[in-house]
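Subject: Structure for you, with notes on its salt bridges

Hello,

Here is the structure I said I would pass on. My notes follow below it.

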Amino acid sequence: MSNEPVCEVSKKLLDLEERSGIKFLTKEGKKPKEILKRMVAVYGESAPSYYKAKFWSKQFKWGRESTENDPHTGSSVEATSEEMCQKLESLIWQIGE
């Protein structure tokens, strides 16, 4: 089974999971290279890039607590369908089993 996100919802969940891991390891005092090494050991090819680990680590060092994206100006683009939501729900249930 591929680790590619099924839709925007699953991509957002994956991003939050990565950022939470980066936040935790940063609070433990780990440097971005060590964070990336640990995440690659766990997630393999789907681990975040070094630049993503470095960016978020710096954000958390500066006192950021949220792992959410900052709000953006302009209209939000959201395209969800009932079919995609059902696929996502099915995948979540499969993972939980």
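Which residue forms a salt bridge with Lys27? The partner is Glu65, and the closest N and O atoms of the pair are 3.1 Å apart. A salt bridge here is a side-chain nitrogen of Lys or Arg within 4 Å of a carboxyl oxygen of Asp or Glu. Glu65 lies in the loop between α3 and α4 (82-96) and Lys27 in helix α1, so the pair ties together parts that are 38 residues apart in sequence. Helices are DSSP runs (H or I, at least four residues), numbered from the N terminus.

This is a predicted model: local features need pLDDT of at least 70, side-chain atom pairs count only at pLDDT 80 or more, and totals for chains, interfaces and linings use all residues. Residues are numbered from 1 along each chain as its sequence is written, and side-chain values use heavy atoms, leaving out hydrogens and water.

By the salt-bridge rule the count is six. One of them joins the side chains of Glu18 and Lys52 (2.8 Å, N to O). Because Glu18 is in helix α1 (residues 8-27) and Lys52 in helix α3 (residues 50-61), this pair ties together parts 34 residues apart in sequence. Glu18 is buried at 6% relative accessibility, while Lys52 is partly exposed at 26%. Buried means under 20% relative accessible area, exposed over 50%, and partly exposed in between (1.4 Å probe, protein chains only). Asp15, Glu18 and Lys52 are linked in a network of salt bridges.

Back in the Glu65 pair, Glu65 is partly exposed at 44% and Lys27 is exposed at 55%.

Regards

Definitions and conventions: Helices (H or I, at least four residues) and strands (E, at least two) are DSSP runs, numbered from the N terminus.
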